[in-house]
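User: Please take a close look at a single part of this model. Then set that part in its chain, and the chain among its neighbours.

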Amino acid sequence: MDRSLRTRLDARFGAQLTGPIRQRHDETEIRLGAGDLIEVMTVLHDDPDWEFVVLADLAGVDTGEQMQVVYHLWSARTPDWLRVVADGLPREDPRIPSLTGLWPGAEWMERETYDMFGIIFEGNRDLRRIYMPPDYTSFPLRKDFYLPDDAARSPGGGVRHVERSHVPVQATERVVRRTVKA
Amino acid sequence: MTEQSNHRPHLSSDDPRIMLDGEIGQFENVPPYPPRTEREAEFYTLADGEMFLNMGPQHPSTHGVLRVVLKINGEQVVDLDPVLGYLHRGVEKLCENSDYHHIISQVDPLEYVSSLFMEWAPVMAFEKLLDVQVPRRAEYIRVLTGELLRVSSHALYQGWMALDLGGLAPILYSFIERDEIVEMLAAITGQRMLFNYFRIGGVNGDLNHEFMSRLGDWMSRALKMHETNIALLNENEIFVRRMRGIGKVDKDTALRMAVTGPNLRAAGVPFDVRRAHPYSVYPELEFDIPVRGANGGGDSLDRYLLRLDEVRESIRIIDQCLHNMPDGPVMARLPRLLRPRPGRAWAAVEAPRGLYGTYAISDGTDQPFRMKIHDPSFVNMQLVGMLMKGNLIADTMAVMASIDPVMGGIDK
Amino acid sequence: MTTLSRSWGNMTTLGKVVVPLLLLVLVGGPILTIAVGLWVGPWLLGVLSSNMGIVRFVVAITGVLLFSIPAAFIIIYMELKVIAQMNLRVGPDRVGPAGAAHSVVAGLKVLTKEDFTPKSADVIVFTWAPVIVFLTAVMTFLVIPFGPGFIDPVTGERVGGLVGQDMNIGLLYMFAVGGMTVVGLLLAGWSSFNKYSLLGGLRSAAQVVSYEIPLTLSVVGLILLAGTMSLQGIANQQEGWFTNWFVFRQPLGALIFFIAATAEANRTPFDLTEADSEIVAGFATEYSGMRFGFLFFAEYVNVFIVSALITTLFFGAWNAPIDINAILALVGLTPPVIALDPGSLGIGLLVLIGLAPVVLTALFALPFYLAKSSRPAWKALLIGFVLFNLFAMGILTLLAYIGWGWFAGLIWFFIKSFAFVFVFVWMRGTFPRVRIDHLMGFAWKWLLPAALLNLFLTATAIVVVKSL
């Protein structure tokens with residue numbers, strides 16, 4: 001847990017952060033809006049004070065109410081991982097600028113996020129489906145895409161009826177739409 | 001449920017519903033629908049003298065089911081587009097519907113060649129969510145088995161590399177090495193391939209006598225076998241000539257392509273998660289990070305040689321683990337039903353192919369809310385398209401093999 | 001009798017017609033043949049002896065075709081077993097004793113597969129391409145000298161020999177016919193309507209054509225030294241001690257020839273045409289059944305041809321490495337002439353033929369019977385019989401070797417050829433594949449100048465020696 005990182009981030013990006021900086025174990029998390037993303041990322045990448053050169057992960061998250069894109073970065077200057085959460089993306093039309101200008105290797109990671117969530121990365125030259133067939137129309141990892149046995153719960157919370165997978169979702173009452181607090 | 005897509009009739013020769021009776025004699029554009037992105041337009045328009053060659057999902061040497069569409073001009077590859085998804089199993093979605101314990105066996109088949117690493121990062125992430133302290137003996141066992149598997153994976157890499165270049169013998173020697181290690185691990189885990197050994201809070205069982213005796217046997221000849229395997233190929237002029245100078249990646253490009261692992265280290269960047277962001281008991285162990293291609297960048301030969309160097313370092317680590325192994329429990333005491341507090345955790349390990357990370361979000365129930373898996377081969381595959389421009393078809397295989405992809409991880 | 005009547009009753013009407021006819025043919029056939037033979041025999045012999053050339057030709061062709069398939073079988077088996085041993089595996093070991101019948105069964109399997117023509121392939125060309133490849137491979141057998149001829153008492157030189165047709169442009173014929181393989185490969189690649197096949201066909205055409213030039217140039221030096229293009233002539237000149245072999249007089253030529261021949265035969269490390277880790281099976285991707293069998297066998301026949309050629313040109317063909325006659329002459333002996341007349345033994349011959357197997361079997365079985373008390377007598381006798389057979393074959397082979405020059409030559413030829421086949425198989429198990437541009441660069445930039453250099457040096461040496 002790097003306290004100095006927190007103070008530095010607060011000092012530099014305080015205006016653009018949309019939430020408190022959280023730190024847990026060896027991770028530091030900052031939250032931004034989609035519009036500020038490129039600016040902040042450029043500073044984090046290019047500025048020799050920060051030097052976050054390794055993009056470790058690019059993930060999409062569907063919190064149930066909104067969509068987020070989560071980036072993990074590594075720098076030699078701090079012992080923590082930096083997690084940048086770009087949240088506030090509306091579920092109907094999630095758009096976010098693409099990171100391929102800074103990290104061309106983010107292209108496929110953004111394709112995967114688009115494929116699974118439907119988040120449009122503006123500026124990505126190749127935003128097409130990567131796992132699903134090209135004419136697929138749904139986004140599998142969204143929370144309203146139910147697997148047939150989504151109605152079943154684990155033994156801790158209910159009864160698992162894997163054999164009910166042929167039953168259409170409307171017939172099952174125990175489907176719980178999951179959400180998580182930002 | 002999912003809305004069914006309305007099937008537009010199209011003349012793609014890949015579509016099994018279409019019988020090409022009348023329209024034979026022309027090679028259709030791939031894909032048949034108008035290109036939707038810039039890159040698609042760039043790739044799928046043919047200039048004069050070019051043609052598409054499809055190294056289809058069934059192919060003797062695309063490391064799994066991978067389809068690579070090559071745009072060739074004679075023997076020279078002008079552009080390359082890998083098409084993924086043939087092995088997509090929806091692991092992340094399945095993980096959202098599984099218990100925390102069940103995820104360990106679900107996550108094994110990503111990079112089935114080195115499956116203990118695939119378990120390691122999720123287990124670490126969950127331990128962070130649960131604030132669990134893993135006993136030291138368990139950590140040492142994790143490192144020991146992990147490094148053994150790294151040796152096995154790199155030995156297999158050597159064999160694949162030779163096989164893709166046409167040499168039929170080295171892969172069998174690689175499999176001898178892999179077989180010994182896998183038998184060792186089968187003695188403690190009960191499995192030869194998808195080990196399902198790590199648990200949240202430790203490992204599934206302590207080391208036993210059979211494992212120790214096999215390990216002792218193996219350690220006594222490990223370095224010598226390694227030298228023999230090296231001697232099989234390194235001196236071979238044909239082999240070296242086909243790898244030298246092919247697929248050169250320099251430092252900056254590699255970092256910008258988000259490449260990690262031996263591919264990054266062979267490009268000159270000394271980034272290894274075990275030293276950059278130490279986890280488990282790696283801070284106590286003495287080992288070096290081999291780096292190649294520090295000036296100018298690394299080619300396929302550097303990537304190959306680097307993995308051989310890493311095997312030596314892994315053997316060193318195994319030796320130290322054996323000597324410093326503490327006593328104690330191998331599993332922390334945890335309830336059967338795990339319900340971590342709502343929160344988020346990220347954990348990354350150094351898999352044989354690169355940085356393998358898991359981002360887990362918990363919503364307080366016994367199933368994770370979101371589990372994102374960052375697979376190194378997925379990101380490394382982007383290098384192939386970049387490196388292949390201007391090389392020959394035969395080099396496609398060589399470059400792809402030198403990057404060491406495993407389709408299970410790429411397709412999740 | 002009841003069985004017969006019951007079987008007759010169970011037969012269909014057709015059967016009741018065919019079976020008696022068959023019996024008639026079985027019994028009457030040989031009688032008829034003998035009768036006809038006796039009647040037309042002398043006339044037939046007359047016709048044959050007056051057209052000895054054609055008869056010889058036909059016999060040679062038949063022999064060549066009949067020989068090529070078993071040769072291919074043996075080489076395939078060798079390849080599978082030897083490469084397996086190099087890979088620390090076992091190889092085929094189920095089908096025959098130690099898997100020896102594996103390639104035969106594989107050949108039969110290839111015959112029974114579905115004969116499939118892709119819909120949009122050019123059917124005529126598709127069908128004829130493997131035939132061309134196979135024929136051009138087998139036709140080259142015609143000029144290879146398998147054994148020596150007899151020494152003509154008048155001229156003192158060797159005449160004839162175990163050659164199909166001893167042309168005086170034998171080497172030229174070989175290269176000409178062998179070069180037609182590329183036509184077959186190209187046709188196969190083109191007619192398959194498959195991009196992989198096309199690539200494979202083009203690659204192979206480029207490879208074979210490029211390597212033909214160093215191949216032919218490297219033997220021109222040899223032709224200069226030997227003075228003849230006839231292969232039997234070249235073999236005759238290597239008689240005597242092994243130092244007479246051309247490999248010591250043309251080492252560079254031999255090396256170039258070996259490398260270029262590997263490329264001609266599409267063998268590793270030059271086997272991109274069938275690079276199965278890149279373009280699946282190259283030009284043969286769309287072939288199945290016997291057509292694939294043709295292409296497959298043609299490759300192995302090519303391997304044998306190339307080994308035979310190397311043996312003939314550089315390693316003394318059918319000559320033994322040591323000159324027995326010279327050694328015996330040193331000691332003062334003359335080589336034994338086995339002029340055994342079996343008729344002179346009279347009744348003794350019959351006794352020998354009848355008694356020898358029995359006595360020798362018992363003799364060989366005795367130690368085995370006595371050594372292990374639990375072994376039943378019949379088992380010991382069986383072992384004894386097998387050993388007797390081996391012994392008898394050994395004695396007969398020895399006699400044939402000493403007595404018939406051509407037999408000795410044949411044995412040496414096969415030993416040497418299969419040694420080179422083994423080298424080819426060894427290379428396949430060891431080397432990775434070269435890339436197409438390395439391959440072409442190597443042929444044009446290294447082998448061709450080396451062959452020219454060899455030619456230049458040879459010609460210079462001849463002129464210098466002649467002028468001295």
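Analyst: Strands count as paired when DSSP finds at least two bridges between them. Strands (E, at least two residues) and helices (H or I, at least four) are DSSP runs, numbered from the N terminus. The model is predicted: local features need pLDDT of at least 70, side-chain atom pairs count only at pLDDT 80 or more, and totals for chains, interfaces and linings use all residues. Residues are numbered from 1 along each chain as its sequence is written, while chains are lettered from A and ligands numbered from 1 in the order in which they are written.

Now the part itself. Chain B holds an open, three-stranded sheet with the order β6-β7-β8 and antiparallel pairing. Its edge strands are β6 (343–351) and β8 (368–374) of chain B, each of which pairs on one side only. Direction ignored, neighbouring strands of this sheet are turned by 15° against each other on average. The axes behind such angles are lines fitted to C-alpha atoms, for helices over the stretch in contact; angles run from 0 to 180 degrees between N-to-C directions.

Take the pairing of β7 with β8. Strand β7 (residues 354–362) of chain B runs antiparallel to β8(B), and six bridges join them. One residue pair can be named: B:S362 has B:P368 in β8(B) as its bridge partner.

A helix covers part of the sheet. Helix α4 (residues 115–130) of chain B lies across β6 and β7 of chain B. Against β6(B), this helix runs at about 150°.

Next, the chain around the sheet. Chain B has 16 helices and eight strands. Its radius of gyration is 23 Å, close to the 22 Å that the globule rule gives for 412 residues, so chain B is as compact as a globular protein of that length. That radius is taken over C-alpha atoms, and the rule is 2.2 Å times the number of residues to the power 0.38. Along the principal axes, the C-alpha atoms of chain B fill a box of roughly 70 × 60 × 35 Å.

Contacts come next. Two residues are in contact if their C-beta atoms, placed from the backbone, lie within 7 Å. Among contacts in chain B between residues at least 6 apart in sequence, 69% join residues at least 24 apart.

What lies around chain B? Two pairs of chains are in contact, and chains A and B share the most contacts. That contact takes 47 residues from chain A and 48 residues from chain B. On the side of chain A that touches chain B, β3(A) supplies the largest share, six residues. Chain A itself has three helices and seven strands.

On the other interface, 25 residues of chain C are in contact with 26 residues of chain B. Here α3 (52–86), α15 (405–430) and α16 (436–467) of chain C are the elements that give two or more residues to the side of chain C touching chain B. With three residues, α16(C) gives the most. No contact joins chain A and chain C; their closest C-alpha atoms lie 24 Å apart.
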